[in-house]
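Thanks for coming, everyone. I'll keep this short. Let me put the structure up.

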Amino acid sequence: MRIRIVDAFTDRPFAGNPAGVLILDAFPDDERLQKIALEVNHAETAFAHRLPEGGEADWALRWFTPAAEVNMCGHATLATAHVLYSTGAHEGPVRFATRSGVLVAAPGADGSITLDFPTAPLTAVELPPGVTEALGAEALAAFDTGPNIGDLLVEVADEKTVHALAPDLKSLGAHSERGIIATARAEDPGRGYDFVSRCFFPNIGIDEDPVTGSAHTALAPYWSERLGRTELTGLQASPRSGRVRTELRGERTLLSGRAVTVIDGELLA
């Protein structure tokens, strides 16, 4: 099997969020998929195979962390679309059949790729006891992000607080299905982004995700309401860092970014 490592939501190698991508003839059994994802040991590994013509989707797509299969992954979808385009396996918009329904990726004239994802339904919740202590910062508001994501979204005081977070990951995992999205308004929008975030997902084997496309389906509606604009740019302030352009379109959210292939090899086992 051909395997590639792609850095997503970045235009340079060794930044953004790395994902494994395997283009297959068909999916092997789940145990093998999980073992490959564990071997790759990135936040997600994407597996895709072509579907028969004439259906509602062009490719089947699944995502696995080192520990589990997930319902939605933005950066690995972006990485998969990048591989399809860069290898000539697909041209134009590509429709992926996934656990979250049909997701569409489309190439842009500037080299970026735009993903069309369902907008996360945000529900205000009482801050669960212990979150402040586990996160290491006071939360101003807390929201459930719905079944596709399964995170707790919390706003903290400011951008500096987001950068300084050093959570107790073991304790943090008790407060949501997947993990915690911590966010704040950008200190200086003149730097080219409107809000910042960091994402901690200890429940699926990812202490901190470098750049999380799926989280931005919740961050986009959250900040669009507060900032009064439907088009925003988010900076995910992980050590690798990356930017996600978002456009809120009601029940759908567009996520745009670039990707770079950094490793292209063969899986021998």
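How many salt bridges does the structure hold? The count is 15. Keep in mind that this is a predicted model.

Let's take a few of those pairs. Start with Arg-62. Its salt-bridge partner here is Asp-30, and the closest N and O atoms sit 3.0 Å apart.

Is Arg-62 buried or exposed? Arg-62 is buried, because its relative accessibility is 16% and the cut-off for buried is under 20%. Asp-30 comes out at 44%, which makes Asp-30 partly exposed.

This pair also belongs to a network. Salt bridges link Asp-30, Arg-62, Glu-69 and Arg-99. As a reminder, side chains of opposite charge can pair when their charged atoms come close.

Two further pairs. Asp-188 and Arg-191 form a salt bridge at 4.0 Å, N to O. Asp-188 is partly exposed at 35% relative accessibility. Arg-191 is partly exposed too, at 45%. Then there is Glu-247 with Arg-249, where the closest N and O atoms are 3.1 Å apart.

Next, a serine. Ser-214 lies in the loop between strand 14 (206-209) and helix 6 (216-227). How accessible is Ser-214? Its relative accessibility is 1%, so Ser-214 counts as buried. Which residues does Ser-214 contact, leaving aside its neighbours within four places in sequence? They are Met-72, Gly-74, Ile-149 and Arg-178. With Arg-178 there is a polar contact between the side chains, at 3.1 Å.

Last topic: the hairpins. Strand 6 covers residues 94-98, and strand 7 covers residues 101-107. They pair antiparallel over 5 bridges. Across that pairing, Phe-96 faces Leu-103 in strand 7. How many residues separate strand 6 and strand 7 in their hairpin? There are 2.

Strand 7 also pairs with strand 8, residues 113-118. That pairing is antiparallel as well, with 4 bridges. Here Ala-106 stands opposite Thr-114 in strand 8. Strand 7 and strand 8 form a hairpin too, with 5 residues between them. Look at Gly-111 in that turn: its phi is positive, about 95°.

That's my tour. Over to you.

Terms used: Residues numbered from 1 in each chain as written. Predicted model: local features only at pLDDT ≥ 70, side-chain atom pairs only at ≥ 80, totals over all residues. Heavy atoms only, no water. Salt bridge = Lys/Arg side-chain N within 4 Å of Asp/Glu carboxyl O. Buried < 20%, exposed > 50% of the residue type's maximum accessible area, 1.4 Å probe, protein only. Polar contact = N/O pair within 3.5 Å; in protein donor to acceptor, adjacent residues only side chain to side chain. Contact = heavy atoms within 4.5 Å. Pairing = 2+ DSSP bridges.
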